[in-house]
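Here is a short briefing on one model.

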Amino acid sequence: MALIQKNTARFEFDSVADMQATAKSGFKDDQIAYIKGILSTNNDGSGNFRYDASSSATDDGATIIEPTGTGNGRFLRVFGDVISVKDFGAVGDGSTNDNAALLLWIAGIQSSLKVGVIPAGTFIFTDLDITAPCRIEGMGGTLKLKSNTTDQSASTAYYPIKVASDNVSISNVNFNGNGTNNRPVTPISPWVADIITLIGDNIQFS
């Protein structure tokens with residue numbers, strides 16, 4: 001069954017899909033729900049959600065979940081002191097393109113000012129911009145540039161990761177430029193910037 005446990009205050013679901021499949025009419029404002037994972041096959045992205053009966057935010061499949069039915073009413077993820085990339089649906093299996101989830105994660109840690117963590121796994125990306133102060137900590141994870149990412153028809157330089165903000169801290173994160181699959185042709189036009197480009201003050205990178 002999709003719904004594992006139910007009482008007046010708390011719901012529990014196997015996955016995001018199960019939460020989405022349940023009717024809005026069954027929920028009340030501020031009720032708490034717990035999902036075991038983004039997918040039912042594992043517990044990545046597990047956590048608590050709060051039902052906001054007035055919310056019309058767009059369902060992103062990880063932090064904002066819309067149950068079945070018309071009108072307002074969304075489950076909004078409740079974050080702790082740290083926010084994992086897997087809370088936003090990143091897979092980290094070394095083959096799935098996690099760029100969209102990583103961008104949501106970056107926006108989340110920038111707006112909340114909570115610590116963003118990258119757990120064990122290889123997270124494929126194409127282009128990530130950090131535009132506001134934040135703190136990112138690696139916990140065994142690797143950010144790997146997707147194969148064949150270089151766009152040789154572009155007219156400007158390509159920046160895989162650009163930190164365009166002051167007061168950013170990035171530590172203990174593994175980076176893989178996937179060089180054998182992304183080495184530009186000769187002559188180099190356009191040129192490819194370093195995997196990380198720092199534009200700002202008080203940036204701590206280790």
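Which residue in S12 is the bridge partner of Asp129? The partner is Lys162. This is a predicted model, in which local features need pLDDT of at least 70, side-chain atom pairs count only at pLDDT 80 or more, and totals for chains, interfaces and linings use all residues. Residues are numbered from 1 along each chain as its sequence is written, and side-chain values use heavy atoms, with hydrogens and water left out.

**The open sheet**
- Three strands make up an open sheet, ordered S10-S12-S15, with parallel pairing.
- Strand S10 (128–130) and strand S15 (196–198) are the edge strands; each has a single partner strand, so one side of each lacks a neighbour in the sheet.
- From one strand to the next, the twist averages 10 degrees. Axes are lines fitted to C-alpha atoms, and angles run from 0 to 180 degrees between N-to-C directions.
- The parallel pairing of S10 with strand S12 (residues 161–163) spans 3 bridges. Two strands pair if DSSP finds at least two bridges between them.
- Strands (E, at least two residues) and helices (H or I, at least four) are DSSP runs, numbered from the N terminus.

**Glu137**
- Glu137 sits in strand S11 (residues 134–145).
- Its relative accessible area is 17%, so Glu137 counts as buried (under 20%, with a 1.4 Å probe and protein chains only).
- A polar contact of 3.1 Å joins the side chains of Glu137 and Arg135. Such a contact is a pair of N or O atoms within 3.5 Å, one able to donate a hydrogen and the other to accept it.
- Leaving out residues up to four places away in sequence, Glu137 touches Val115, Gly116, Val117, Ile118, Ser171, Asn172 and Val173. Contact means heavy atoms within 4.5 Å.

**Cavity**
- There is 1 cavity of 30 Å³ or more.
- The largest cavity holds about 90 Å³ of space. A volume is the space filled by probe spheres set on the grid points, joined across faces, edges and corners.
- On a 1 Å grid over the protein atoms alone, a cavity is a set of points where a 1.4 Å probe fits but cannot get out; lining residues have an atom within 4 Å of a point.
- Its lining includes Trp105, Ile118, Leu128, Ile136 and Val173.
- Helix H2 (99–112) gives the largest share of that lining, 3 residues.

**Pocket**
- The largest pocket holds about 200 Å³ of space. A pocket is an open set of points with protein on both sides within 12 Å along at least five of seven lines.
- Its lining has 13 residues; Gly45, Ser46, Gly47, Arg77 and Asp87 lie nearest its centre.
- Strand S4 (47–52) and strand S6 (74–78) each supply at least two lining residues.

Terms used: Buried means under 20% relative accessible area, exposed over 50%, partly exposed in between (1.4 Å probe, protein chains only).
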